[in-house]
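These are my notebook entries on a structure I had not examined before. I set down below what I looked up, entry by entry.

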Amino acid sequence: MFVLHTSNRTENLLSHLAQVIDAQPLNSPFDKELFLIQSQGMERWLSQQLASQFGVWGNYHFYFPGNFVSEISAPFVGSSTAINYQREQMVWIIEQLLRDIEQEQIELFQVITDYLQGEGRGVRRFQLAQQLARIFDQYQMMRPDWLRAWSNGKLLGLMPGTSTEKWQSELWRRINQQFGDCHRGEIWQRAIDTIEKATELELREKLPQRISIFGLNTIPPLLLNLLKALSRQVDIHLYLLTPTQEYWGEGGSRRAQLEQSVNDDTTALNDHRLLLSLGEQAREFQKLMLEQVTFTHEFASYEMDDAVDGDE
């Protein structure tokens with residue numbers, strides 16, 4: 001079951017969460033309430049608010065997206081943690097590869113060797129390794145299709161007009177050749193494939209009863225696919241903070257916009273420049289959900305008129 005809760009006030013979403021916990025207690029008092037969040041600040045705030053709501057609050061666990069996917073995937077793909085593809089480990093792997101690149105002096109990596117010339121090259125090399133480790137870490141969850149193509153020697157025409165994709169893909173292939181095709185994105189995709197094929201009995205033995213997603217303003221496609229697969233057996237509750245109940249990317253209601261049943265007339269929401277300029281990530285997330293997720297139930301709780309005056 002995949003349930004969507006929306007509101008323009010976090011307090012309302014908290015009220016929805018408390019009602020779900022109170023009305024639908026877990027099957028065993030030893031089971032933990034599991035939360036998927038984005039920050040430690042949200043963890044502290046939720047803990048304090050739920051303690052105030054219930055008087056006593058315990059036996060819960062908060063996950064960040066990466067840790068959540070790794071732990072949920074483990075029963076289906078083994079205990080591999082893809083340690084060599086974790087950000088902290090990749091820093092040193094890439095730092096050594098950059099040393100090798102400096103010695104090779106090949107044209108493909110000219111932009112890197114030029115950057116590393118001069119005084120302080122050791123510091124610059126380490127800082128570059130940190131940045132590249134961060135980028136490749138994000139690619140594993142956000143763009144595993146890119147990494148798969150690069151591992152197979154294919155270029156996707158990204159970053160046109162520069163050599164960036166060429167040298168990034170070659171650097172990734174060198175990492176891949178050392179440690180194999182077992183980065184987190186690949187492991188998580190295997191877990192998703194296994195979960196989608198598993199029987200309900202197999203899932204029931206390995207999965208929690210409920211997962212509450214609170215405070216995330218975007219979900220990577222890979223994580224969203226995992227949540228969709230889990231919703232066959234797990235109660236997934238997504239608590240989403242949105243400024244309006246309408247579809248606010250191109251105007252019209254959310255469902256009507258998806259079905260393209262509205263005309264192309266400019267609406268007040270289109271004219272609200274602040275909303276459109278600051279909400280690009282949230283708009284893309286909303287579009288992704290409408291295209292890929294069919295929610296079992298949807299609950300909304302808004303405290304203002306959904307209409308937006310574009311002149312204000």
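Entry one. I looked up the residues through which helices α6 and α7 touch in this predicted model. On the α6 side I listed Phe 136, Tyr 139, Gln 140, Met 141 and Met 142, and on the α7 side Pro 144, Trp 146, Leu 147 and Trp 150.

Entry two. I then turned to the geometry of this pair. Helix α6 spans residues 121–142 and helix α7 residues 144–151; I recorded that their axes come within 6 Å and cross at roughly 105°. Angles of 65 to 115 degrees count as roughly perpendicular, and α6 is therefore roughly perpendicular to α7.

I next consulted helix α1 (residues 10–23) and helix α2 (residues 40–54), which pack at an angle of about 55° with their axes 11 Å apart. From α1, I found Thr 10, Leu 14, Leu 17, Ala 18, Ile 21 and Asp 22 in the contact; from α2, Trp 45, Leu 46, Gln 49, Leu 50, Gln 53 and Phe 54. I sorted this contact into eight nonpolar, three polar and one charged residues.

Lastly, I looked up the chain as a whole. I recorded 15 helices and six strands. Of the 312 residues in the chain, 44% are buried. I noted an accessible surface of about 16,700 Å², with 47% of it belonging to carbon and sulfur atoms. Among contacts with a separation of 6 or more, 76% join residues 24 or more positions apart.

How values were computed. Residues numbered from 1 in each chain as written. Predicted model: local features only at pLDDT ≥ 70, side-chain atom pairs only at ≥ 80, totals over all residues. Heavy atoms only, no water. Axes fitted to C-alpha atoms, helices over the stretch in contact; angles between N-to-C directions. Helix = DSSP H or I, 4+ residues; strand = E, 2+ residues; numbered from the N terminus. Contact = heavy atoms within 4.5 Å. Nonpolar A, V, L, I, M, F, W, Y, C, P; charged D, E, K, R; others polar. Buried < 20%, exposed > 50% of the residue type's maximum accessible area, 1.4 Å probe, protein only. Areas by Shrake-Rupley, 256 points an atom, 1.4 Å probe, with all protein chains shown as cover. Parallel < 35°, antiparallel > 145°, perpendicular 65-115°, else oblique.
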